[in-house]
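Here's a quick tour for anyone meeting this structure for the first time.

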Amino acid sequence: MRIPLLACLTLAATPALAGTEEALSDHILPGFGGFATAAEALRVTAEADCTAEALKEPWNAAFDAWTQVGDLRMGPTETGALSVYFWPDARGFTPRTLGRLIDDEEPIGTDPETFSEMSIAARGLMALEQMLYADDFSGYAQGSYSCALVQTMTADLSAQAGALEAGWRDGFAQVLRSAGQEGNALFQTPDEALRGLYTQVLSSLEFTADTRLGRPLGTFERPRPTRAESWRSGRALDNAVLFADAATDLAITLADTPMPQTRDALERLHEVADRVTDPALQDIEDPSARLRVEIVQQQVRALSQTIEAELGGPLGLTAGFNSQDGD
Amino acid sequence: MTTRRTFLASLLAASASPAVGWAAVGNPSYVAAAKLPDGSYMLAGLREDGTEAFRVPLPARGHAACAHPERAEAVGFARRPGSYALVVDCRDGAVLHRLTPPEDRQLNGHGTFSQDGALLYTAEQRVEDSEGVIGIWDTEANYSRIGEFASHGVGPHDLRIMPDGKTLVIANGGIKTDRWDRTKLNIDSMRPNLSYLDADGMLLEQHEIPEFAQNSIRHLALRPDGLVGFAMQWEGEPGMAPPLLGLHRRGETPLLCEAPLADELAMDGYAGSVAFSGTGDEIAITSPRGGRLHRFDDEGQFLGAVSRADVCGLAAHDSGYLASDGLGGIQLVTADTATPLTRTEAAWDNHLIRLRS
């Protein structure tokens, strides 16, 4: 899809579209590029050495890259994100599906061509975490079925990352840029594109507070540490902070002001996160350890409120009328 | 042919009811409520092309939950806790009647007219225990309350008259709520059901979905041959991705319509409206939380998704569906394609009500 240059220039003059353009060029497109590069590096490593120990470092690098754009649920990643990152797995699909593949040595597990037809629970970063970190999965040897499965999974992940990057760069970026133009049903005005991206910022922070941190916290009487995201790899706290970093960075690209309060709120989030005693969040049955995680959760919410006040308020952006008040 | 008797009858009807028909308000095909940028509320009539046929003020936020089949009157239900409903004259927004349920009843936001428009049925619950009640109002007698019967479930939400003109189908949402703050009280033990009642309130048929007991059955769509679509809202653990649409035909077992897992997850466990397409060979649900619409064929097979932020209102259109959203957009959905028709500086409320087919 191409839009005339003149139209680009005219629309770029409106502040709303300027924010959208900066979000794309400074945050989103480089983010998907970085993830594609990291996922490809993981695939290359796995081709040479599929063992869990060899893959932990490039897997972590790919996950770090994913956090920069992984909470964007629009365009190619509206559903495409879920086969890269299937979490939470409330029904326990991931271990069950992987276990069945391995027990039956199903051919699809060693065929990168057809693996994309697999259940999303057996694909992507979280399924790989299961293979690399779970005691009953990670002890596989070179040449085993599991080894070939992991190679297939990393090839599939790299292919997905490449497709998502291309889908954003060559397709959906233009949908955002052409907001308000004839026939754009997704964004009927330039402001709708800006609002769409702003909503992604708030949804990401809400998910981090309520689910990434809230799910393991459970209730005071019954904390659920093994419901933490990526607890096996010890990424639970890092993920919360990295996703909040990314949401804040996206908000700053959308803004036409320096956003000093938002930057302060993010700095404060890093401070309180540094005081958490176990980055895997596995000690939250201890009340004082739990309290430190609750403070992180509160600060993620405070960060979200700060962004609402500093970005959403001045731009006249509000949460969805229907999505906020069900019937 | 006009006989003396029908002539007299029409004369009588005219004198009994000074109200006018929908032609007098621009022949809208749909009505919908919306919030305006200044914080006030309106009720609008929309034509097939999405343009406004009329616009009148509403005194408070309310759903355009139902419209009289002939007279240009719409009923707006007050937001929770549902202590009143207003019958609004669509010519000027005048409140023609204020419906107040008995003291120990709460209106639950939906109602439906009998086919001839003589009666209005409202979904209500008993204040003390959320047991469902269907209120009956006589539209020819200043909307006076003339009776009620049990809905045969807890917390009824949507209700419709079946194509036979006499059977009621009711979505008993199953959720017990606190009388003051509407806190949900029974999420762990809720049992929503789909119930069919005759005109006297006798239970004819009832279905639960035991494998998804925490899926509140809330909204209904009907096809002229009696196929019922029911949309659900998940109250259980997030991320379970349950089916959000069911299809049912009297005497059969309900069929649950599942989307692929990634699509189901993107709906965020919530369907806000349901409608059959204009041809009736497919059905769709909307999720304002997921910002998307899911289409299924009439045998429950997933057909595809359409994305649109805060989409919720949905109704049949001759070419597919008309969808409204909180950003003020009205879109025509035909197969996988959404075409923007109009955009108003207003946030369209949850439902889009079709006046005639």
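Let's start inside helix H5 of chain A, where A:Thr94, A:Thr97, A:Leu98 and A:Leu101 are buried. Buried here means that 20 or more other C-beta atoms lie within 10 Å of a residue's own, exposed means 12 or fewer, and partly exposed is in between, with C-beta atoms placed from the backbone. This is a predicted model, where local features need pLDDT of at least 70, side-chain atom pairs count only at pLDDT 80 or more, and totals for chains, interfaces and linings use all residues. Residues are numbered from 1 along each chain as its sequence is written, while chains are lettered from A and ligands numbered from 1 in the order in which they are written.

**Helix H5 of chain A**

- Seen down the axis, the buried residues of H5(A) fall within an arc of 95°, so they line one face of the helix; the arc is that of the directions from the helix axis to the C-beta atoms.
- As background, an α-helix has 3.6 residues a turn, so residues three or four places apart point the same way.
- Over on the other side of H5(A), A:Asp103 and A:Asp104 are exposed.
- The packing partners of the buried H5(A) residues are helix H6 (124–133) and helix H7 (145–177) of chain A.
- H5(A) covers residues 93–104, and its twelve residues should span 16 Å at 1.5 Å a residue, which agrees with end C-alpha atoms 16 Å apart. The expected span is 1.5 Å times one less than the number of residues.

**Helix H10 of chain A**

- H10(A) takes in residues 260–274, 15 residues, and reaches 21 Å from its first C-alpha to its last, close to the 21 Å expected.
- Its buried residues are A:Thr262, A:Ala265, A:Leu266, A:Leu269 and A:Ala273.
- The buried residues of H10(A) pack against helix H9 (236–254) and helix H11 (287–315) of chain A.

- Helices (H or I, at least four residues) and strands (E, at least two) are DSSP runs, numbered from the N terminus, and two strands pair if DSSP finds at least two bridges between them.
- Seven bridges hold the antiparallel pair E16(B) and E17 (residues 228–234), with B:Met232 of E17(B) as the bridge partner of B:Ile217.
- Another open sheet of four strands runs E12-E13-E14-E15, again with antiparallel pairing.
- There, E12 (156–161) and E15 (203–207) of chain B are the edge strands.
- E12(B) and E13 (residues 168–172) run antiparallel and are joined by four bridges, and B:Ile161 stands opposite B:Leu168 in E13(B).

**Where the chains meet**

- 24 residues of chain A are in contact with 32 residues of chain B; contact means C-beta atoms, placed from the backbone, within 7 Å.
- On the chain A side, helix H4 (77–80), helix H8 (190–217) and helix H12 (321–324) each supply at least two residues.
- H8(A) gives the largest share of that side, four residues.

Terms used. Contact = placed C-beta atoms within 7 Å.
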